[in-house]
Every structure is written in structure tokens, then in C-alpha cells.
Amino acid sequence: MADLSDFPISRRWPAQHPDRIQLYSFPTPNGVKVSTALEEMALPYEAHKVTLADADVRSPEFLSVSPNNKIPAIIDPNGPDGQPLPLFESGAILIYLADKSGKFLGRNGAERATIIQWLMWQMGGLGPMFGQLGHFYSGPGKSVQDPYPVQRFVDEARRLMGVFEKHMSDGRDWVAGDYSIADMAIAPWLRAPDFYGTTELLAWDDHPHLKAYLDRFMARPAVQVGLVTPPRD
């Protein structure tokens with residue numbers, strides 16, 4: 001039986017199944033990347049709800065695993081060389097889990113590089129731009145009177161959507177060949193405009209290949225579980 005008692009986070013979110021991967025998360029676009037991956041890879045895990053409130057994400061216990069005070073984070077009790085491994089940052093976790101499971105990271109070096117390329121596209125572009133647009137359009141930043149922030153992020157979000165629409169227009173089903181961790185990263189963020197109320201602002205209906213892609217993703221059984229793990233309530 002794995003012993004996670006040396007990890008302070010276990011005192012606030014105790015493990016009932018310490019032999020399983022411990023997931024500390026909340027069902028945001030970044031959070032559901034990892035819960036979806038765990039479901040898709042059939043890796044045993046235990047989910048702990050860490051809300052976005054400072055009382056959780058800025059608590060000493062959570063910061064001990066995720067010093068950037070962002071969800072998701074994990075502890076794998078059976079990490080490299082059999083030692084427990086804590087990890088934060090959703091992209092890093094996806095790569096680690098894909099390596100661990102041997103799934104969804106390509107069959108050779110070229111496929112792996114292409115998948116990671118699109119994963120980084122989400123991490124550095126799609127997620128931040130959609131997130132910032134939501135912040136200024138319908139979130140705490142909506143009180144800002146200057147129209148520049150919203151227009152800046154609308155323009156960049158539309159540009160990124162155009163990149164993706166063109167890439168998917170050649171008949172491919174998934175972004176980098178076979179279904180992969182790149183899709184697990186990108187698709188949850190494509191749901192964000194609906195949450196933020198920015199679909200019309202982004203001319204969503206002008207991107208039929210993007211819409212069809214998101215429908216394919218949403219139809220996957222593992223995705224349906226990942227989207228509600230851990231539950232909000």
C-alpha cells in the first residue's frame with residue numbers, strides 16, 4: 001500500500017485509495033483535460049474537489065503540490081522507480097500520463113512531436129486567449145470601460161479559431177492524426193465560449209469543421225465522465 005502521509009495535501013484531502021493516482025481538480029477546461037485523460041487511459045484514480053476559492057488553491061496544503069496555485073495537480077503513488085510523484089500544470093500531466101499508459105501520444109517520434117506541438121498550441125494560445133476574453137467580456141474584467149482588452153482578445157481568439165478551422169478542413173477527425181492528448185487539451189477549451197457567452201462574438205457558426213470536431217469529442221463516453229469529475233457540488 002502506498003504511503004502518501006509525507007505529502008501535506010493528504011491532510012486536507014485525505015486519500016481513501018492511496019494506491020491510485022490522486023487528482024486534485026475542479027471541472028474547468030484545464031481541470032477536465034486530466035480527468036478525461038485518466039478516464040480514456042483507464043488509469044485508476046481518486047478525484048478530490050479543489051475549488052477555485054483562495055481557501056483551497058492558496059492553502060499551504062495545495063501549494064505544496066501546485067506552487068502556481070492552479071488546478072489540476074496529481075500525485076502518482078507509483079511514479080518513476082516506484083516512488084510517488086507530484087505534478088502540476090495540465091500539459092505536463094497529460095504528457096506524463098500518456099507516457100505512463102502508453103496511449104494517446106503517437107506511435108513514433110514524429111507523431112509524438114506533432115501531438116505535443118498541438119498541445120503547446122492550446123497551452124500557449126487557445127486557452128489563454130479564450131480565458132482572457134471571458135475575463136474581460138463576462139467575468140470580473142467586464143467593468144473595465146476601455147474596449148481595447150475585449151477587442152484584443154476577440155481578434156486573437158478568432159485568429160486561432162481560423163487556424164484550427166483551416167487545419168480541420170481537410171477531412172481529418174482529430175487534430176494530430178489519431179485521437180490524442182492534444183484533443184483532450186484543445187476540445188475542453190472550445191467549450192469555453194459557450195460558458196462565457198462569447199459564441200456570437202466569435203462568429204462561432206462560421207466554423208463548421210471546428211463545431212463538428214467538438215461534437216465528436218463530446219460524444220466520447222470517457223469525456224462525459226471527465227466533464228463532471230470531480231463534481232462541482
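A residue is called buried when its relative accessible area is under 20%. In this predicted model, Trp 121 has a relative accessible area of 17% and is therefore buried. Trp 118, with a relative accessible area of 10%, is likewise buried because that value is under 20%.

Trp 118 and Trp 121 both belong to helix α6, which spans residues 109-137. Because they are 3 residues apart in this helix, about one helical turn separates them. Their rings form an edge-to-face aromatic pair, with 5.1 Å centre to centre and 65° between the planes.

## Aromatic pairs

The count of aromatic pairs comes to 11. One of them joins Trp 13 and Tyr 24 in an edge-to-face arrangement, at 6.5 Å centre to centre and with 65° between the planes. This pair links distant parts of the chain, its members being 11 residues apart. Trp 13 lies in the loop between α1 (9-12) and β1 (21-25), whereas Tyr 24 is in strand β1. Both Trp 13 and Tyr 24 are buried.

## Ring cluster and arginine contacts

Trp 118 and Trp 121 also belong to a cluster linked by ring pairs.

The charged end of Arg 216 sits over the ring of Trp 174, at 5.9 Å from the ring centre. The charged end of Arg 220 sits over the ring of Tyr 179, with 3.6 Å to the ring centre.

Terms used:
Residues numbered from 1 in each chain as written. Predicted model: local features only at pLDDT ≥ 70, side-chain atom pairs only at ≥ 80, totals over all residues. Heavy atoms only, no water. Phe/Tyr/Trp six-rings, centres within 6.5 Å; stacked < 30°, edge-to-face > 60°. Helix = DSSP H or I, 4+ residues; strand = E, 2+ residues; numbered from the N terminus. Buried < 20%, exposed > 50% of the residue type's maximum accessible area, 1.4 Å probe, protein only. Lys NZ or Arg CZ within 6 Å of the ring centre and 35° of its normal.
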